[in-house]
Amino acid sequence: MKNHQNVNAGRGLQVAALLAAMLLSACGGGGGNPGAVTGGAGGGSTGTGGTGTTVPVTAPTVAVAFATSTGASSNNLTGATPLTVKATVLDKDKKPVQNAIVTFATDNKLATFSPSAGTALTDANGVATVTMRAASLAAGGAAAVTASTTVADAIVTGTGNYAVGATALTFGTLSAKEPKLQAYGTTVLSVDLLSGSTKYTDQQVNVNFSSACITAGKATVSSTVATNGGTASTVYRDKGCANTDIVTASSDSVAKSVTTTLDIAAPAAASVQFVSAAPVNQAIVIRGQGGNGRTETATLVYKVVDNTGAPLAGKQVNFTPSTNLVTVNKASDTTDATGSVSTTVNSGTTPTSFRVLATLPGTATAANPTDISTLSDSIVVTNGLPVQSAFSIGTDTFNVEGLTINTSGTTPAAHITVSLGDANGNLVPDGTPIVFQTNVGAVGTSSSGGCNTVNGSCTVDFRAQEPRTPTPGLPKTACNAAMPDITRAGMATICASTTDGSQTLAARTAVFLSGSTAVFYMNGSKLSGAEVDLGHVGSGETRSFQLQISDVNQNPMPAGSRVEITSMLNGNAAGVSPATVPNIAPHNAGGADDATGASIAGNQGSIHTFRIASTQPTDCKNATQASFNVSVTTPSGAVTSIPFKLSFTCP
């Protein structure tokens, strides 16, 4: 408005200047008496004796007027009643000016023009027209329209005042084509926009549709719709509302909203689905056999959906186990907002496997006479606590080179493995802790001293290091509480233990810390190291003999030590069996393995068979003598040899 006033003021000054110039011209101009009349031929002014005459002066004009769409004179503007603004342009002789460009201006917060540029050409009658509408339905107040044009190089301006009144709009009835919907059905919602009792069609108005189900995402509409011909329409689509839904139509341009009620049927359950079981991929343990990381309870989750796969809330589900060896803690429950429902099952005292049937009661029909149901995955009840009878311990190497050599942290001397089972012969649950102790060397892990079972077993390292001499009864273990440790020189007694919650379970094994120097025995007698005479055989014969090879403590040489014939002269070595020292478990003199006995008696060394043959033909003429060594090389490279000789006679 202020901008238009500034323009009008400037144009007013131009018009005033033009009028002043015209008056001066009519009065003779200059600063003399405007009424003076000029003298005779001399042209001088007489100064007296004459009287002046006044000539009327006129200027171009612009007149502004308002009319309704019916042509009636009115300057009252509303959202429902636009006005036609007429600007009549006359020249100084009061004649119409044709084809003059007239510019209309006003406060655009109250009104707008059509065309929006606010310009128009005068017709043959000097009249230019534009249509003026209220800027908004809520606009109200008073303003002026300024019409400006140029006539004979002069700017001519006219004004006209008008009033704007807010438009009162109301809604008609909000109707639904189908007020009762089947699940996932649709209906058309319509509402008229009224000005008084007549549809308001002068301009489009945005109408908003809302409801509780729309807000919850259980129904959809075009939430904002512009009126078309005075009516706003949208499509309501159910997405599982399953309720009475009150739909509201509202607009910023209408004071009071309107509502309608839709009755929407609940979708029917199509299936109940098994979702999950916890613990995942793991059995539950027998009743009373639980512990750290073990559970006697399985949690089963199901989901009820309709025929579109959408979840259904508020549906009752009944649970029935496939065996009475387990207990269902919740026989019935109701689905939540996500269609989910759960129950828990406790194990019994007997190993078994089971499933749980989830049923939707009352869903049987003539076509499908059985209620909708589904079974869970199979759940296993097993994995009880460990028992002594299923406690096993073993080592991958019983005779390690460690009497004088320390094994490193990255290369242990041996691996000790414990395997556990329950009373039913099943593997114990993962995470069962095992404690290890030894009276020689070191065993276990730096983090816990032991290990936790995975798939029923676990393994730790055994290292050869100090102490190397066992002290009877130390350390105190669950094993030597029941049976004294083995105190044989160069032997470690290793104890593994755990608990079933009421008593300690234990098992032990033994590992030789074998020396690196071999000691040889033949026919039970220790060889001194001097050359051994094997006597004589015919040149066509093979001499076989056996040696028992052990370390200084009559323990086996380190497993993998090579046993071979070296430095052979005048003979052939037919082979050594076995060619390496085998993995030898501690045993008694009778030969039976007994790594858990109170004592280990006798020479534990390995026995090797050697065969020597002549290099001469069977019909040789001269006797020969073969010489050779029996050598033992340990994994660390230590070599021990003893010389032998054997004579071959000729026929």
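Predicted model: local features only at pLDDT ≥ 70, side-chain atom pairs only at ≥ 80, totals over all residues.
Residues are numbered from 1 along each chain as its sequence is written, and side-chain values use heavy atoms, with hydrogens and water left out.

Thr-352 belongs to strand β27 (residues 352-354), where strands (E, at least two residues) and helices (H or I, at least four) are DSSP runs numbered from the N terminus. Leaving aside residues up to four places away in sequence, Thr-352 touches Leu-325, Val-326, Ile-379, Val-380 and Val-381, a contact being heavy atoms within 4.5 Å.

A search of the whole structure finds four disulfides, each defined as a pair of cysteine sulfur atoms within 2.5 Å. Among them are the following.

| Disulfide | S to S distance |
|---|---|
| Cys-213 to Cys-241 | 1.8 Å |
| Cys-479 to Cys-495 | 2.0 Å |
| Cys-620 to Cys-650 | 1.9 Å |

With 45° about the S-S bond, the link of Cys-213 and Cys-241 is right-handed. Cys-213 lies in helix α2 (residues 212-215) and Cys-241 in the loop between β18 (231-238) and β19 (244-250), 28 residues apart. Cys-241 is buried, with a relative accessible area of 6%.

The torsion about the S-S bond of Cys-479 and Cys-495 is about 85°, so this disulfide is right-handed, and both cysteines are buried. The link of Cys-620 and Cys-650, with -120° about the S-S bond, is left-handed.

Terms used
Buried < 20%, exposed > 50% of the residue type's maximum accessible area, 1.4 Å probe, protein only.
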